[in-house]
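Student: Hi! Could you walk me through a few spots in this protein?
Tutor: Happy to, let's have a look together.
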Amino acid sequence: MNTNLNQAAVPQPAPEVGHQEFEILIASRSSASVEHLQTVLSPLPKVEIRTRVIVNGSVDPLDKVEEMPSLLVFRLGDNWEIELEALSARPASQRPPVIVVSAESDPRVMRSAMQAGARDFFVEPYEPDELLRAVEHLSSELIADPGRNDARITVVMNAKGGSGASLIASNVAHILCEQHKRRVALVDLDMQFGSLSHYLDLNLRHGIKEALDNVDDLDAIALDSYLVKHNSGLRVMGAEDGRIILNDEVSSERLRHLIKLMARAHHHLIIDVPRQIDLITSTVLEMADQVVIITQQSITHLRDTARLIDVLREDLEIPPNQIEVVVNRYQKGAAITCSEIENALKHKSLICIPNDYKSVTESLNDGVPLLEVARRSPVTRALSELADVVSGKKEEQEHTVLGRLFAKLKGA
């Protein structure tokens, strides 16, 4: 359904019963731009498209709009500074997610657009299919979770050293980016011996310490220069190669500020933290929507996992439903079964990642994610299921196909 909304409010016909209540408003001072954008977005199913040609000296694309759209697609005019200032002046509650289109490639335009809350930015001439895909992904995200404006934050942590948290964090982040089509940032908070960048064969030239030092002056655009981009689109931040940062060099307030800034610029943050409870890790854990603990099938792993869960629940007051336990390198014939681990930890619905030494070794040696070197292997399929859980798509692992498979493997 396509309707038109000009500067003067025009009564619209009642929407058809049963239509999808997701509305896109296309606005610009240029009628030609509005018509072109309407044509580009018209293939979208189950959405209502409204259009607005801004006239009478107004600069705010939402001025006198009585019912806020689900998404604003705003093509800037010659007075882009004033238009974006007007949009930025609106309270967040009165400003829907925005995709900005501009004839200007000036970085100042992009910076101002991001400050106004833009979720994506396109410079003319652009590929219509790319804009259409961006709107499709954003609309799907908003329909699935309309109340979320910032990234979902997932912290990944070893229960015992060497359990595989970094491997799992990097591969889950890659899957979220590649298969779920999310804008994902992967953060390595091991300031001294972080290795996440090597899992993806990346070199970190500007690292987290430099970003923390300059965080007061950063916005979404400037932040991007501190992130290294993988060819999948995944963005990575960590300590610069060869640099060791002491914990007392890191301000918890600056770290909190940096994470909030990254959360506004991404759909999902995956944060790999070292196995310790200190000011840095507790700051991040308290901000997390979800904590993923990586363990293995041994008595020592089990003891450390139980202790860590107690600390998270009792000392940091993280709700049990925000904690996921992953059994890495799972072997069906191991002396300690997953059922015994569940009972000992009083934690149901473990997520099991099967042992696959050959595929994992190839991935680590080449610095290539498992999805690229062993897409059909059991370990990659299990990591894809974990990515579904981490993304929020699946709250109960036992309801998934792979969860039922592992339940059978465990003898449940």
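Student: Which residues make the nonpolar surface patch?
Tutor: In this predicted model, Phe193, Ile244 and Leu246 form that patch, with an area of about 340 Å².

Student: And where is isoleucine 244?
Tutor: Isoleucine 244 is in the loop that runs between strand 10 and helix 9 (252-265).

Student: What about charges: which residues form the negative surface patch?
Tutor: That one is made by Asp310, Glu314, Asp315 and Glu317. Aspartate 315 belongs to helix 11 (residues 299-315), while glutamate 317 sits in the loop between helix 11 and strand 13 (323-330).

Student: Why does glutamate 317 count as exposed?
Tutor: Because its relative accessibility is 63%, and exposed means over 50%. Aspartate 315 is exposed too, at 54%.

Student: What's the phi of glutamate 317 like?
Tutor: Phi is positive there, about 55 degrees, although glutamate 317 is not a glycine. Lysine 181 also has a positive phi, near 60 degrees, and lies in the loop between helix 5 (165-178) and strand 8 (184-188).

Student: New topic! Is serine 232 buried or exposed?
Tutor: Serine 232 is buried, with 16% relative accessible area. You'll find serine 232 in the loop between strand 9 (228-229) and strand 10 (235-237).

Student: What does the side chain of serine 232 make a polar contact with?
Tutor: The side chain of histidine 230, at 2.9 Å. A polar atom of the serine 232 side chain is also 3.3 Å from the backbone nitrogen of leucine 234.

Student: Last one: which peptide bond is cis?
Tutor: The bond from glutamate 124 to proline 125 is cis, with omega near -5 degrees.

Technical notes. Residues numbered from 1 in each chain as written. Predicted model: local features only at pLDDT ≥ 70, side-chain atom pairs only at ≥ 80, totals over all residues. Heavy atoms only, no water. Patch = residues over 30% accessible without salt bridge, like charges linked within 9 Å, V, L, I, M, F, W, Y side chains within 5 Å. Areas by Shrake-Rupley, 256 points an atom, 1.4 Å probe, with all protein chains shown as cover. Salt bridge = Lys/Arg side-chain N within 4 Å of Asp/Glu carboxyl O. Lys, Arg positive; Asp, Glu negative; His and termini not counted. Charge placed at Lys NZ, Arg CZ, Asp CG, Glu CD. Helix = DSSP H or I, 4+ residues; strand = E, 2+ residues; numbered from the N terminus. Buried < 20%, exposed > 50% of the residue type's maximum accessible area, 1.4 Å probe, protein only. Polar contact = N/O pair within 3.5 Å; in protein donor to acceptor, adjacent residues only side chain to side chain.
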